[in-house]
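Good morning, and thank you for coming. I shall present one structure today, and I ask you to keep it in view as I speak.

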Amino acid sequence: YVARFARLAEIETAMGLGPDATLRLAALAVAIAEDAGRLRDMLRLSNVETERLTKAGQALASLHGAVAPPTPGALRHLMFAHGQRAARDAALLAHAESGAAAADARWASAHAFLRDTPEPRLPFSGGDLIARGLSPGTQVGRALKRLQASWIRAGFPKDAVTLARLLDEALAATAAGSR
């Protein structure tokens, strides 16, 4: 993907970023996560390099064909699902694929959001559910999965009132499902 590679170099320059050899390799040769494994074998990449390329390919899968950057909510979801670095890598690669100018203000805003926004972390654990009366085991796993989905749908809230409501709802739904 020589054109994507060249566009990434332009974007790095326009954004004041230094050249990133691993990301440039991704621009040149990673369309899907499986490409990272092939590159590892051909180029004798380190585990760290291969992991970064794999995660970038996974995160990029949902951004192929984007002509505009994702919304902040979608970027936050991308960070939660793949990690901040993979989300940043994927956004830079998607920008390079998009045809937008290297200094495009919308993409620059998305890149700044990914750089400045902390990676979302589920503010609950199985211990929180057990402390609220669930028995350890599959019930906790189901409740956590339900709680995570609700938390994502709610837009990754941090305020205590909303978090308490989501926890109560997940516990109630789990209790109702086990009857």
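Both Phe80 and Phe156 are buried, where buried means under 20% relative accessible area, exposed over 50%, and partly exposed in between, with a 1.4 Å probe and protein chains only. Before I go on, please note that this is a predicted model, in which local features need pLDDT of at least 70 and side-chain atom pairs count only at pLDDT 80 or more, while totals for chains, interfaces and linings use all residues. Residues are numbered from 1 along each chain as its sequence is written, and side-chain values use heavy atoms, with hydrogens and water left out.

Let me begin with the aromatic rings. A pair of aromatic rings is described by the distance of the centres and the angle of the planes. Here, rings of Phe, Tyr and Trp (its six-membered ring) pair if their centres lie within 6.5 Å; planes under 30 degrees apart count as stacked, over 60 as edge-to-face and the rest as tilted. How many aromatic pairs does the structure hold? It holds three. One of them joins Phe80 and Trp151, edge-to-face, at 5.4 Å centre to centre and with 70 degrees between the planes. This pair links distant parts of the chain, since Phe80 is in helix 5 (residues 72–82) and Trp151 in helix 9 (residues 138–153), 71 residues apart. Helices here are DSSP runs (H or I, at least four residues; strands are E, at least two), numbered from the N terminus. Trp151 is buried, as is Phe80. The rings of Phe80 and Phe156 have centres 5.7 Å apart and planes at 55 degrees, so this pair is tilted.

I turn now to helix 9. Which of its residues are buried? They are Gln139, Val140, Ala143, Leu147, Ser150 and Trp151. Just after helix 9, Gly155 takes a positive phi of about 90 degrees.

Next, the nonpolar cores. A nonpolar core is a set of buried Ala, Val, Leu, Ile, Met, Phe, Trp, Tyr and Cys residues joined through side-chain atoms within 4.5 Å. The largest has 31 residues, and Leu8, Leu53 and Leu93 have the most contacts inside it. Helix 6 (84–98) is among the helices that supply at least two residues of this core, and its share, eight residues, is the largest. Apart from this core lies another, of 14 residues, among them Phe80, Trp151, Leu167 and Ala170.

Finally, consider Arg4, which is in helix 1. Is Arg4 buried or exposed? Arg4 is buried, with a relative accessible area of 6%. Leaving aside neighbours within four places in sequence, Arg4 is in contact (heavy atoms within 4.5 Å) with residues including Ala29, His64, Leu93 and Glu97. The charged end of Arg4 sits over the ring of Tyr1, 4.8 Å from its centre; the criterion is NZ of Lys or CZ of Arg within 6 Å of the ring centre and within 35 degrees of the ring normal.
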